[in-house]
Amino acid sequence: MEVWLVLWIGFAILTAMAASSRGRSGFGWFVLGLLFGIFALLAVLVLPRRNGDSDAPTPDTHVRCPDCQELVLKEARVCKHCHCRLVPQ
Ligand SMILES: [Zn+2]
């Protein structure tokens with residue numbers, strides 16, 4: 001019986017590792033792994049890879065401030081770093 005418990009938790013850890021390597025919440029998937037065992041692992045393996053943090057600056061959402069060269073939101077009218085006026089693109 002204890003062997004199954006260890007295997008079950010091992011699957012949950014494996015699920016968490018697979019999830020975090022895909023840019024998802026490791027702890028959340030660890031809990032799902034505890035609840036659903038190998039099904040959670042299969043679910044995380046078929047999920048599409050997410051590109052890291054959704055708040056991470058990308059060329060799609062951010063531009064460089066011409067004055068201070070810091071990344072600011074594309075829609076920003078004022079640079080949050082140096083407070084210079086920006087033209088939204
Ligand atoms: Zn700036």
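Start in the segment after S2, where His83 sits. Helices (H or I, at least four residues) and strands (E, at least two) are DSSP runs, numbered from the N terminus. The model is predicted: local features need pLDDT of at least 70, side-chain atom pairs count only at pLDDT 80 or more, and totals for chains, interfaces and linings use all residues. Residues are numbered from 1 along each chain as its sequence is written.

Check the backbone of His83: phi is positive, about 65°, although His83 is not a glycine. Most residues other than glycine have a negative phi. His83 counts as exposed because it has 11 C-beta neighbours inside 10 Å. The cut-offs, with C-beta atoms placed from the backbone: buried means 20 or more other C-beta atoms within 10 Å of the residue's own, exposed 12 or fewer, partly exposed in between.

Next, select the loop between strand S1 (62-64) and strand S2 (71-73); Gln69 is there. Gln69 is not a glycine, yet has a positive phi of about 70°. With 9 C-beta neighbours inside 10 Å, Gln69 is exposed too.

Now go to helix H3 (residues 38-46) and pick Ala40, Leu41 and Val44, which are buried. They lie on the same side of H3 because they cover an arc of only 100° around the axis; the arc is that of the directions from the helix axis to the C-beta atoms. Turn to the face away from the buried side: Leu45 and Val46 are exposed there. Then show helix H1 (2-21) and helix H2 (26-36), which are among what covers the buried residues of H3.

Finally, zoom out. The protein chain runs α-α-α-β-β from the N terminus. Buried residues are 16% of its 89 residues.

Definitions and conventions: Two residues are in contact if their C-beta atoms, placed from the backbone, lie within 7 Å.
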